[in-house]
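Let's walk through this fold together, one packing contact at a time. Keep the viewer open and turn the model as you read.

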Amino acid sequence: MPAPGQAVLRVALGAIVANWRDLVARHGGACAGVVKADAYGLGATPVARALRDAGCTTFFVAHLTEGMTLRDAVGPGPAIVVLDGFPPGADGDARLVPVLNHLGDVAAHARAGSEAVLHLDTGMARLGLDAKEQAILAEDRSRLDGLTLRWVMTHLACADEPAHPLNEAQRVRFAAAASRVAPGVPRSVANSSGIFLGPSFRSDLARPGCALYGINPTPGAPNPMRQVVALEAEILQVREIAAGDSVGYGASWTAREPRRIATVAAGYADGYLRSLSGRSLGLLHGRQAPLVGRVSMDLTTFDVTDIEQARPGDRITLIGGPGNSPDDIGARCGTIGYEILTSLGRRYDRVYEGG
Ligand SMILES: *Cc1c(COP(=O)(O)O)cnc(C)c1O
């Protein structure tokens, strides 16, 4: 039960599991669960447990510490891959799998006899062995002696733009490099959007993250995924204001006629970004209430003039619902659904449903 005035974040674990199953079917091959950044802000422990119970056997995190926490959450079975890598032994007895991102990583983990994932950069220039290092490794594969390579991976830069020529360029570069450097090692290519690029981007293991959480992996086309998140916050007061009255900090919005304003107990400290000021809406009794004035730290104001039944104690949906998905909200304030999710706050009552 939420405390009075506390916002509620509903996370539909059943929808996450259904999204994962759907991605497995579309990929036509295995899918990991990417649960870095606390499962994109939704809670890595409940999310990973639900996916594990549905049959997911591999998880990806970004940081070593995320991997350690996740091991406690999911138990000894699943493979946990750490995208940023870590020095040999730094995982204690958590049995995490490091991603090897450059030749120094390869050397260190070869000496230690690690299980590992080898990352070949094919067009991202972020992490992963670059073309020069790939050539060195292809010349001298004994540098891999001692390693047990679970997968060889690459990461697509433009998978959410199907027509972008870099997709095909990366596919071709990776196919060539992987057969020279790590022949016979299972391959991992697609993120969420990559799964939708078609059968030539199929690999032994896809790595979907955002699509599990309801973000549209096919921007520009209808979202094929189920929605997962709803953020509901309580109306603390409803007041009548007169023509000419302004609302909130900076008096950034002024009523042209008498209006009813609902003050809601959530703000930018809850991840409801300040850049949404004057540009978003909440859903209440099946209707849309425009956000008016600035989002402040703990409070946000909505125009509920047209929603007569709006009362203090009602919960208005700030994120989620028709026309109000994390993608929609990101688009209103110059960012993407991923950032809306990873910005979600810590003081909600988090309710996990289904699973
Ligand atoms: C974050 C990440 C993913 C998941 O990407 P989505 O777009 O969220 O599906 C996959 N692979 C790597 C290397 C990543 O960093």
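In this predicted model, Q134, L137 and A138 of helix α6 meet A177, R180 and V181 of helix α7. Sorted by class, the residues of this contact are four nonpolar, one polar and one charged. Helix α6 covers residues 131-139 and helix α7 covers residues 165-181; their axes come within 8 Å and cross at roughly 35°.

That pair of values is a handy way to read what follows. Two packed helices are described by the angle between their axes and by the distance between those axes.

Now turn to helix α3, residues 44-54, which packs against helix α4, residues 64-74, at an angle of about 50° with the axes 9 Å apart. Because of that angle, α3 is oblique to α4. The crossing of α3 past α4 is right-handed. On the α3 side, A44, T45, A48, R49 and R52 make the contact, while α4 contributes L70, D72, A73 and V74. The contact of α3 with α4 has five nonpolar, one polar and three charged residues.

Helix α3 also has a contact with helix α1, residues 13-27: the axes of α1 and α3 come within 10 Å and cross at roughly 50°. These two helices are therefore oblique to each other, and α1 passes α3 in a right-handed crossing. Here L13, I16, V17, W20 and R21 of α1 meet P46, V47, A50, L51 and A54 of α3. What classes of residue make up the contact of α1 with α3? It has nine nonpolar residues, no polar ones and one charged.

Next, the sheet. Strands of a sheet pair through backbone hydrogen bonds, either parallel or antiparallel. In this model, an open sheet of seven strands runs in the order β3-β4-β5-β6-β7-β8-β9, with parallel pairing. Its edge strands are β3 (33-34) and β9 (187-188), each of which pairs on one side only. Within the sheet, strand β5 (residues 79-82) and strand β6 (residues 97-100) pair in the parallel sense over two bridges. If you zoom in, you can find V82 opposite P98 in β6.

Finally, look at the charged pairs. Side chains of opposite charge can pair when their charged atoms come close. A search of the whole structure finds 13 salt bridges. One of them joins R10 and E232, whose closest N and O atoms are 3.0 Å apart. R10 sits in strand β1 (residues 8-12) and E232 in strand β11 (residues 229-241), so this pair ties together parts that are 222 residues apart in sequence.

Notes:
Residues are numbered from 1 along each chain as its sequence is written. This is a predicted model: local features need pLDDT of at least 70, side-chain atom pairs count only at pLDDT 80 or more; totals for chains, interfaces and linings use all residues. Side-chain values use heavy atoms; hydrogens and water are left out. Axes are lines fitted to C-alpha atoms, for helices over the stretch in contact, and angles run from 0 to 180 degrees between N-to-C directions. Helices (H or I, at least four residues) and strands (E, at least two) are DSSP runs, numbered from the N terminus. Contact means heavy atoms within 4.5 Å. Ala, Val, Leu, Ile, Met, Phe, Trp, Tyr, Cys and Pro count as nonpolar, Asp, Glu, Lys and Arg as charged, and the others, Gly among them, as polar. Angles under 35 degrees count as roughly parallel, over 145 as roughly antiparallel, 65 to 115 as roughly perpendicular and the rest as oblique. A crossing is left-handed if the near helix is turned anticlockwise from the far one by less than a right angle, and right-handed if clockwise. Two strands pair if DSSP finds at least two bridges between them. A salt bridge is a side-chain nitrogen of Lys or Arg within 4 Å of a carboxyl oxygen of Asp or Glu.
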